[in-house]
Amino acid sequence: ACIKTGTCTDTVVGPLSAPAGYIGLVCVHPDYQSSGLGRALMSIAEKRCADVYHVTLMVMDVIALRHDLIAWYGSLGYQLTDRTTPAGPFLAGKGETALAEFNFVLLEKRLNAD
């Protein structure tokens, strides 16, 4: 299992109005999916961003075609925004190409102020 986290002022989808915690590259080995490990990783990442970076908003870019993944993040409190961008230019900037056209969408979650 792994997760990438930190702060950002822009994402693949574009600039943000204020710094936010960013979560990306979340993965859990298939043998451990549906075990609660992904939820635990997300919770730890959110707490770290709140405690270390003092952010109250978490964001992530997700491939729009991954409806199952977007629904899973939704079960954790992430909301789909209206912000989207074609993946092609982002991938081209990294020297990569996609086999089909798709978009990235921005998800966000407000963290509770404890």
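1. L25 is exposed, with a relative accessible area of 64%; buried means under 20% relative accessible area, exposed over 50%, and partly exposed in between, using a 1.4 Å probe and protein chains only. L25 is found in strand β2, and although it is not a glycine, its phi is positive, about 55°. Most residues other than glycine have a negative phi.

2. Before going on, a word on the source: this is a predicted model, where local features need pLDDT of at least 70, side-chain atom pairs count only at pLDDT 80 or more, and totals for chains, interfaces and linings use all residues. Residues are numbered from 1 along each chain as its sequence is written, and side-chain values use heavy atoms, with hydrogens and water left out.

3. S34 sits in the loop between β2 and α1 and is exposed, at 83% relative accessible area.

4. Now the sheet. Its 5 strands form an open sheet in the order β1-β2-β3-β5-β4, with mixed pairing. β1 (2-11) and β4 (79-86) are at the edges with a single partner strand each, so one side of each has no neighbour in the sheet. From one strand to the next, the twist averages 30°. Here two strands pair if DSSP finds at least two bridges between them; helices (H or I, at least four residues) and strands (E, at least two) are DSSP runs, numbered from the N terminus.

5. How do β4 and β5 run? They are antiparallel, and 5 bridges join β4 to β5 (residues 103-110). L80 stands opposite L107 in β5.

6. Two helices lie across strands of the sheet. Helix α1 (residues 37-53) lies across β1, β2 (14-27), β3 (57-63) and β5, at about 45° to β1. Helix α2 (residues 67-75) lies across β2, β3 and β5, at about 165° to β3. Contact means heavy atoms within 4.5 Å. Axes are lines fitted to C-alpha atoms, for helices over the stretch in contact, and angles run from 0 to 180 degrees between N-to-C directions.

7. Finally, the helix pair. α1 and α2 pack at about 60°, with axes 11 Å apart, and are therefore oblique to each other; angles under 35 degrees count as roughly parallel, over 145 as roughly antiparallel, 65 to 115 as roughly perpendicular and the rest as oblique. G38, R39 and M42 of α1 meet W72, Y73 and S75 of α2 in this contact.
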